Amino acid sequence: MIRLSSARPAHAMSSSTPESGYVTVRDAAERLNVTPRTLKYYEEKGLISPERSDGHYRLYSERDLEKFARILRMRSLGFSIQTISEILQKPIESATASGTAVSMASLKEIERSLAQQVDAVDARIQAVKREMREAQAVREELAYDLEYIRRRIAGEPKDELLRERRERAMARRQARPPKVANQ
């Protein structure tokens with residue numbers, strides 16, 4: 001999970017402007033644990049528009065940092081820049097300048113988009129679970145091989161250890177469900 005680092009309070013950041021509640025690109029990058037180039041990249045892609053100082057330095061608000069953290073979480077889950085842009089452009093219902101709320105059609109569009117994103121995250125979770133099961137199986141095999149090597153180093157006879165390995169392999173084959181041929 002991407003978290004804002006709170007190693008230094010905003011008022012202690014030398015290049016920040018604490019009186020205005022903004023931080024510079026260097027301080028923002030430090031708090032988000034990314035490089036300044038990463039922040040500039042997302043700005044170039046139109047995902048965020050920081051304020052500028054009189055000297056044209058980028059200044060980020062807490063809201064900008066929260067938005068960056070959300071972008072980074074979505075990127076870590078494999079969302080494309082295009083998808084992230086679409087998500088960020090569809091606000092959950094908020095009042096507009098005229099005081100009117102988002103239309104029902106817009107809400108339905110947002111619902112569809114969010115449902116697709118939830119489905120995508122669910123699919124990613126399932127893929128990670130499969131990868132974890134596969135990694136665990138590889139780990140068990142490696143641990144078994146390591147045990148064999150350690151027992152050999154300790155002087156146990158090779159023939160006895162190989163017999164145990166063959167018996168284990170046979171027991172594992174018998175424990176597997178039979179494969180069903182495709183019809």
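## Packing of H3 against H4

In this predicted model, the axes of H3 and H4 come within 10 Å and cross at roughly 140° (axes are lines fitted to C-alpha atoms, for helices over the stretch in contact, and angles run from 0 to 180 degrees between N-to-C directions). H3 is therefore oblique to H4, a class left for angles that are not under 35 degrees (roughly parallel), over 145 (roughly antiparallel) or 65 to 115 (roughly perpendicular). The crossing of H3 past H4 is right-handed, the near helix being turned clockwise from the far one by less than a right angle.

On the H3 side, the contact (heavy atoms within 4.5 Å) is made by Lys-67, Arg-70, Ile-71, Met-74 and Arg-75, and on the H4 side by Ile-81, Ile-84, Ile-87 and Leu-88. Sorted by class, the contact of H3 with H4 has six nonpolar, no polar and three charged residues. Here Ala, Val, Leu, Ile, Met, Phe, Trp, Tyr, Cys and Pro count as nonpolar, Asp, Glu, Lys and Arg as charged, and the others, Gly among them, as polar.

## Ile-87 in H4

Ile-87, in helix H4, is buried, with a relative accessible area of 9% (buried means under 20% relative accessible area, with a 1.4 Å probe and protein chains only). Not counting residues up to four places away in sequence, Ile-87 touches Arg-70, Met-74, Phe-79 and Gln-117. Its C-alpha atom is separated by 7.8 Å from that of Leu-114, 27 residues apart along the chain.

## Packing of H2 against H3

H2 and H3 pack at an angle of about 90°, their axes 12 Å apart; the two helices are therefore roughly perpendicular to each other. Thr-38, Leu-39 and Tyr-42 of H2 meet Phe-68, Ile-71, Leu-72 and Arg-75 of H3. By class, five nonpolar, one polar and one charged residues form this contact.

## The largest nonpolar core

The largest nonpolar core has 20 residues, of which Leu-32, Leu-39, Tyr-42, Tyr-60 and Phe-68 touch the most other members. Such a core is a set of buried Ala, Val, Leu, Ile, Met, Phe, Trp, Tyr and Cys residues joined through side-chain atoms within 4.5 Å. At least two residues of this core come from each of H1 (25–32), H2 (36–44), H3 (62–76) and H4 (81–89), helices being DSSP runs (H or I, at least four residues) numbered from the N terminus. H3 gives the most, with six residues.

## Basis of the values

Residues are numbered from 1 along each chain as its sequence is written, and side-chain values use heavy atoms, with hydrogens and water left out. Local features need pLDDT of at least 70 and side-chain atom pairs count only at pLDDT 80 or more, whereas totals for chains, interfaces and linings use all residues.

Conventions: Buried means under 20% relative accessible area, exposed over 50%, partly exposed in between (1.4 Å probe, protein chains only).
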